Amino acid sequence: MAKRFTRRSALKTLAWTAGGAAAVGLYTWRVEPHWLEITHRDLPVAGLPQALDGKTLAQLSDLHVGPKVADDYIVHTFRRVADLAPDFVVFTGDWITYRSYAQFEQLRRVLQQFPHGRLATVGILGNHDYGFNWRMTSVADEVAKIVQAAGVTLLRNDAASFCGLQFIGMDDLWSPRFGPEALLAAYSADTSTIALCHNPDAADLTLWGRYHGWILSGHTHGGQCKPPFLPPPLLPVLNRRYTSGEFDLSGDRKLFINRGVGHLLRVRFNCRPEVALFRLRRSG
């Protein structure tokens, strides 16, 4: 009798365990990858014009338009951001996951709904915008044309100012066109500046000169799967502390890493997709 009970208990435990594992697997595949979180935080900017104090800036990153991310989910995300009526919208790279020329038409179609800032809409490219092995400059150039046609000011080692707030935009660290040295030499000392840089590893390079502001990044997706109380096991960066969120850097610089909207594989756990809504504040 005891033996039968023990076997039955073991089978029940196994069934519960299998059921729990199936539920977690279903959640990581069907629920969290599309369970967008809009995070809110202040963004203090030195020298910010008084007229911009309290204005909002929405950061989107890592759409990965392509075969793995549903277009309707991306469009729904755009509509949620548009409902926030941000003053600035910035996008920090990886518009697409390139598999073929089909991604160009797909990107063109979804960007018809892309949210625009009331004062400016600015973006940069990421490594996946350079196609296979991050070396297809023709793919990046086509992505750039589509993005610009959608009304985005695309910065490729360039700077642009809107209403007294300057944005420095870098081309991707892994691309053949990363080369922000002249850009930073020319603009890094300017006040009221925000840097856009897809790969946070670039924050550790010795090229920032006199820049002392915020660097907004993406790229990591927060690791996509993060065990409780442990770091994510997979991160596409050299600096393993660069997961997501805010980091203090040397030289009075700060880094913010966005978890991104899309994914490469449709799986997330304890790492929801993110749109960050910042409220600009005067600092210093």
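User: What makes E2 and E3 count as paired strands?

Analyst: In this predicted model, four bridges join E2 to E3, and the two strands run parallel. Pairing requires at least two bridges between two strands, so E2 and E3 qualify as a pair.

User: Why is Leu 57 called buried?

Analyst: Leu 57 belongs to strand E2 (residues 56-60). Its relative accessible area is 0%, and buried means under 20%, so Leu 57 is classed as buried.

User: Which residues are in contact with Leu 57, leaving aside neighbours within four places in sequence?

Analyst: The contacts of Leu 57 are Phe 88, Val 90, Phe 167, Ile 194, Leu 216, Ala 276, Leu 277, Phe 278 and Leu 280. Contact here means heavy atoms within 4.5 Å.

User: How do you know that strand E3 is mostly covered?

Analyst: Five of the five residues of E3 (residues 88-92) are buried. Phe 88, Val 90 and Thr 92 point one way from the strand, whereas Val 89 and Phe 91 point the other way, and all are buried.

User: What makes E3 and E4 a parallel pair?

Analyst: E3 and strand E4 (residues 120-124) are linked in the parallel sense by five bridges. Since at least two bridges are needed, the two strands count as paired. Within this pairing, Phe 91 stands opposite Gly 123 in E4. The chain reaches E4 from E3 by way of helix H3 (residues 102-110), in a right-handed β-α-β crossover.

User: Why are H3 and H4 described as roughly parallel to each other?

Analyst: The axes of H3 and helix H4 (residues 137-149) cross at roughly 20° and come within 10 Å. Angles under 35 degrees count as roughly parallel, and H3 and H4 are therefore given that description. Their crossing is right-handed. The contact involves Phe 104, Leu 107 and Arg 108 of H3, together with Val 139, Glu 142, Val 143, Ile 146 and Val 147 of H4.

User: Why are E6 and E10 said to stand at the edges of their sheet?

Analyst: The open sheet has six strands in the order E6-E7-E8-E9-E11-E10. Strand E6 (158-162) and strand E10 (245-248) each have a single partner strand, so one side of each is left without a neighbour in the sheet. Neighbouring strands of this sheet are turned by 20° against each other on average, direction ignored.

User: How do you know that the pairing in this six-strand sheet is mixed?

Analyst: The pairing in the sheet is mixed, and individual pairs show both senses. Strand E7 (residues 165-169) and strand E8 (residues 193-196) run parallel and are joined by four bridges, with Thr 193 of E8 as the bridge partner of Gln 166. Strand E9 (residues 214-217) also pairs in the parallel sense with strand E11 (residues 254-257), over four bridges; Ile 215 has Leu 255 as its bridge partner in E11. E10 and E11, by contrast, pair in the antiparallel sense over four bridges, and Gly 245 has Ile 257 as its bridge partner in E11.

User: Which residue in the hairpin of E10 and E11 takes a positive phi?

Analyst: The hairpin has five residues between its strands, and Gly 251 takes a positive phi near 70°.

Conventions
Residues are numbered from 1 along each chain as its sequence is written. This is a predicted model: local features need pLDDT of at least 70, side-chain atom pairs count only at pLDDT 80 or more; totals for chains, interfaces and linings use all residues. Side-chain values use heavy atoms; hydrogens and water are left out. Buried means under 20% relative accessible area, exposed over 50%, partly exposed in between (1.4 Å probe, protein chains only). A crossover is right-handed if, with the strands pointing away from the viewer, the path from the first strand over the helix to the second runs clockwise. Axes are lines fitted to C-alpha atoms, for helices over the stretch in contact, and angles run from 0 to 180 degrees between N-to-C directions. Angles under 35 degrees count as roughly parallel, over 145 as roughly antiparallel, 65 to 115 as roughly perpendicular and the rest as oblique. A crossing is left-handed if the near helix is turned anticlockwise from the far one by less than a right angle, and right-handed if clockwise.
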